[in-house]
Amino acid sequence: MIKSITGTKDILPAEIPYWQRLESIVEKIFSSFNYKEIRTPVFEETNLFVRSIGEETDIVGKEMYTFNDKSNASITLKPEMTASVARAFIEHSFGKLQPLNKFYYISPMFRQERPQAGRQRQFHQFGGEALGSPSPLLDAEIIIIAFRILSSLNLKDLTVKINSLGIPSSRENYKNILRKHLDDKKNQLSEDSRKRFDKNILRIFDSKVELDQEIIKNAPVLIDFIDEESKNDFELVKALLKQSKVPFEVDTKLVRGLDYYTKTTFEIVSGKVGSQNALCGGGRYDLLIEQLGGAPTPGVGFAAGMERILLACQNEKSLNLPGEKIDLYITRVDEDLTQKVFELAVYFRQESLIVELDYLGRSVKAQMREANKLNARFVLFVGGEEFKSKKLILKIMSTGEQKEYPLEELNEIKSFIYGEVYKSYPNY
Ligand code: HAM
């Protein structure tokens with residue numbers, strides 16, 4: 001039997017309402033900050049990711065789905081969106097259209113990692129990127145958006161961690177200081193951290209190995225060595241977050257796993273999802289666009305893992321959706337009215353009401369059982385004495401009350417149902 005590929009999952013109809021609720025919150029909150037949606041292809045030239053994310057990162061080194069297509073071009077399934085948004089930004093000359101461009105996205109991503117709870121090989125991210133201004137207002141805005149989306153889902157056990165990585169020159173200077181500090185302890189580090197020591201020394205801070213943690217505990221931290229401008233910007237980001245009542249902590253060891261970052265970085269972690277606890281992460285990347293061949297354009301953004309967020313919602317029981325309901329079930333009382341019932345269903349479905357009818361030739365009793373099973377708000381009876389005198393009976397299922405309508409007044413039935421359904425919509 002053919003099964004789904006390791007690390008991928010079907011999202012089944014019963015889970016879809018949760019995804020849709022999350023997506024609608026994402027769309028609403030990004031729109032209120034005037035971010036516009038962008039959709040990019042699932043695959044790109046491999047080089048785009050190598051040049052953006054960095055050759056020595058785990059993503060590029062170990063995790064990308066890369067293959068040669070039939071014309072021998074090297075193609076990669078996107079492991080993240082920032083590189084793709086940057087490519088699209090340059091390709092479509094957005095910088096010439098207006099000085100500041102704000103994008104958001106919802107998309108599948110691909111990384112060949114070891115699957116576990118909250119970590120998949122095909123997963124989904126939503127995120128946002130603001131391109132065109134170095135202002136810390138945007139760093140704060142990005143963090144506020146991320147926090148607001150998670151709070152709108154009623155998630156409580158959240159920690160916002162922020163740090164600043166400064167500009168590359170101050171970071172290079174710090175890397176030398178760190179290398180000197182760790183030099184005589186290098187042999188005690190784990191194999192992975194020894195490799196990082198040579199290639200990407202900051203990532204030693206990400207090591208989960210206890211002895212590594214012990215060794216770097218007292219190491220000098222980057223934030224003490226960053227340039228004056230980065231320091232001032234970081235102070236303003238903190239002030240703006242305070243003013244917006246976003247609780248945060250400074251985590252001087254937060255280095256992030258992608259090479260393009262400058263200045264502010266952040267993550268929001270949940271205490272409710274186990275070891276894969278980062279629900280989202282992001283930061284500023286002022287040199288990326290230039291590095292990819294565009295005009296110098298500062299940027300800042302974040303991305304969030306949707307599977308992890310929904311797992312946190314499930315574990316915190318924070319997203320209680322009301323049981324699914326259909327709006328109307330049309331019951332065929334007389335057998336020869338099948339075609340009429342079909343016509344009525346097509347009519348009522350025009351206003352995006354959710355309407356169902358019987359396709360299996362069931363008895364009236366069995367149709368009522370089905371209407372109950374589907375949680376129908378209303379049932380319309382077509383047939384019997386009423387129909388002969390050109391009337392339809394509408395039953396309001398929550399109260400049992402029945403209303404009579406002339407057959408030619410379908411519009412009245414539709415307005416009534418629509419009004420009732422609209423009243424019960426949630427606020428998002
Ligand atoms: P990232 O930290 O690699 O950053 O990923 C962001 C989020 O995606 C993570 O916090 C996590 O929730 C989710 N995620 C990552 N890998 C997996 C996986 N294998 N399974 C499930 N969820 C996962 C970025 O991708 C950057 N592009 C963020 C960014 C945007 N920085 C600036 N702009």
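Tutor: Two strands are said to pair if DSSP finds at least two bridges between them. Strands are themselves DSSP runs (E) of at least two residues, helices are runs (H or I) of at least four, and both are numbered from the N terminus. The model is a predicted one, in which local features need pLDDT of at least 70 and side-chain atom pairs count only at pLDDT 80 or more, while totals for chains, interfaces and linings use all residues. Residues are numbered from 1 along each chain as its sequence is written, and side-chain values use heavy atoms, with hydrogens and water left out.

Student: How many residues of strand E9 are buried?

Tutor: In strand E9 (residues 262-270), 9 of the 9 residues are buried, so the strand is largely enclosed by the rest of the structure. Buried means under 20% relative accessible area, exposed means over 50%, and partly exposed lies in between (1.4 Å probe, protein chains only).

Student: How many residues of strand E5 are buried?

Tutor: Strand E5 (residues 101-110) is mostly covered, with 8 of its 10 residues buried. Strand E1 (residues 36-37) runs parallel to E5 and is joined to it by 2 bridges, with Glu-37 opposite Tyr-104. E5 and E6 run antiparallel and are joined by 10 bridges; there, Ser-107 stands opposite Gln-125.

Student: New topic, the ligand. Which residues are closest to it?

Tutor: The closest are Glu-80, Glu-113, Gln-120, Tyr-261 and Ala-278, out of 27 residues that surround the ligand. A residue counts as near a molecule if one of its heavy atoms lies within 4 Å of it.

Student: Which strand supplies the largest share of that shell?

Tutor: E10 does, with 6 residues. Strand E6 (122-131), E10 and strand E11 (299-305) each supply at least two residues of the shell.

Student: What lies 2.9 Å from a nitrogen atom of the ligand?

Tutor: A polar side-chain atom of Thr-82 lies at that distance. A polar backbone atom of Gly-301 is 3.4 Å from a nitrogen atom of the ligand, and a backbone N or O atom of Phe-302 also lies 3.4 Å from a ligand nitrogen atom. Taken alone, the ligand exposes 660 Å², and the protein buries 96% of that. Such areas come from the Shrake-Rupley method with a 1.4 Å probe.

Student: Now the charges. How many salt bridges does the structure hold?

Tutor: The structure holds 31 salt bridges. A salt bridge is a side-chain nitrogen of Lys or Arg within 4 Å of a carboxyl oxygen of Asp or Glu.

Student: Which residue forms a salt bridge with Lys-263?

Tutor: Asp-233 does, the closest N and O atoms being 2.9 Å apart. Asp-233 lies in helix H10 (residues 228-243) and Lys-263 in strand E9, so the pair ties together parts that are 30 residues apart in sequence. Asp-233 is buried at 15% relative accessibility, and Lys-263 is buried at 5%.

Student: Is Arg-39 buried or exposed?

Tutor: Arg-39 counts as exposed, at 71% relative accessibility. Its side chain meets that of Glu-37 in a salt bridge (2.9 Å, N to O), and Glu-37 counts as partly exposed, at 33%.

Student: What does the side chain of Arg-196 meet in a salt bridge?

Tutor: The side chain of Asp-58, at 3.2 Å, N to O. This pair links distant parts of the chain, with Arg-196 in helix H8 (residues 191-199) and Asp-58 in helix H3 (residues 58-63), 138 residues apart. Arg-196 is buried, its relative accessible area being 14%.

Student: Last one. How far apart in space are Thr-331 and Leu-287?

Tutor: They are 64 Å apart, C-alpha to C-alpha, and 44 residues apart in sequence. Thr-331 is found in strand E12 (residues 328-332) and counts as buried, at 0% relative accessibility.

Conventions: Polar contact = N/O pair within 3.5 Å; in protein donor to acceptor, adjacent residues only side chain to side chain.
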